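Please open the structure in your viewer and keep the selection tool at hand. The stops below are meant to be followed in order.

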Amino acid sequence: MHREIGEILTSKRKELGLSQAELAQRLCDDGISVTNQAISKWENGSTLPNAKQFLCVCRALGIEDICGVFLGGNTGGILDGLSSAGRKKVMEYIQLLRDSGKYEFVPERARKELRTLPLYTLPVSAGTGQFLDGEDYEMTEVGDEVSRSANFGVRVSGDSMEPRFHDGQTVWVRQQRSLMTGDIGIFLYDGSAYLKQLTAGDEMLLLHSLNPAYPDIPVSPELPLRVLGKVIA
């Protein structure tokens, strides 16, 4: 058995065009300190690598189907019953999945750092306006899909901000007291809350609807306009 393993290691190494010294260097780069003399002993069957060395040498030689390569036949694994050509096809498909980048493993902690933000249950109006203030909200768990600068969310009601914002959609907002013209934000005006774009008219500011079916709301200097925040998502 020692000799059979050694012959396989020799064959795989030569397929890659590696010398014993080059393979030893690959293993050293992987944190396994061995010499080319040790590899020579593995290949001639004098000794065997320990478990950690064996796994690392398989990785260095590109041996992924360890059971299939070293045991052959039906090994009870996922490749059980496949010929060598079939096993090769499976390995090729695995490589295609890796190369696509769509199925890369991401540790759970890095995948999604959850946090909770207030989501106002009384919708901001994208039509006629509804009051948004106080404590009428629920705490909602969000992840990296929501900008870290967001402070709260609101649900859109109506279609005056179509096609960008839709009825029932949740928008996330960064709390701030002022906006530049052209910004889309959440406003309190004349007792109602609005999701609108702040624009400049000839004589006064306007709360502009993206849907041309809705007229702009002129902001009278006699009525206070309160900015709740800027829509960021």
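A residue is called buried when its relative accessible area is under 20%, exposed when that value is over 50%, and partly exposed in between, using a 1.4 Å probe and protein chains only. The model is predicted, and for that reason local features need pLDDT of at least 70 and side-chain atom pairs count only at pLDDT 80 or more, while totals for chains, interfaces and linings use all residues. Residues are numbered from 1 along each chain as its sequence is written, and side-chain values use heavy atoms, with hydrogens and water left out.

Of its 233 residues, 36% are buried.

Next, select L27, V34, I39, W42, V57 and L61, which touch the most other members of the largest nonpolar core, a group of 17 residues. Such a core is a set of buried Ala, Val, Leu, Ile, Met, Phe, Trp, Tyr and Cys residues joined through side-chain atoms within 4.5 Å. Helix 1 (2-15), helix 2 (20-29), helix 3 (36-44) and helix 4 (51-60) each give two or more residues to this core, and helix 4 gives the most, with five. A second, separate core holds 15 residues, among them Y120, V154, F165 and L195.

Stay with V154, which lies in strand 3 (residues 152-157) and is buried, with a relative accessible area of 0%. Its C-alpha atom is separated by 7.8 Å from that of V173, 19 residues apart along the chain.

How many salt bridges does a search of the whole structure find? The search finds four, where a salt bridge is a side-chain nitrogen of Lys or Arg within 4 Å of a carboxyl oxygen of Asp or Glu. Select E43 and R13, whose side chains meet in one of them at 2.6 Å, N to O; E43 is in helix 3 and R13 in helix 1, 30 residues apart. E43 is buried at 9% relative accessibility, and R13 is buried at 7%.

Then move to K230 and D183, which form a salt bridge at 3.7 Å, N to O. K230 belongs to strand 9 (residues 225-231), while D183 sits in the loop between strand 4 (170-175) and strand 5 (184-189), 47 residues apart. K230 counts as partly exposed at 24% relative accessibility, whereas D183 is buried at 16%.

Terms used. Helices (H or I, at least four residues) and strands (E, at least two) are DSSP runs, numbered from the N terminus.
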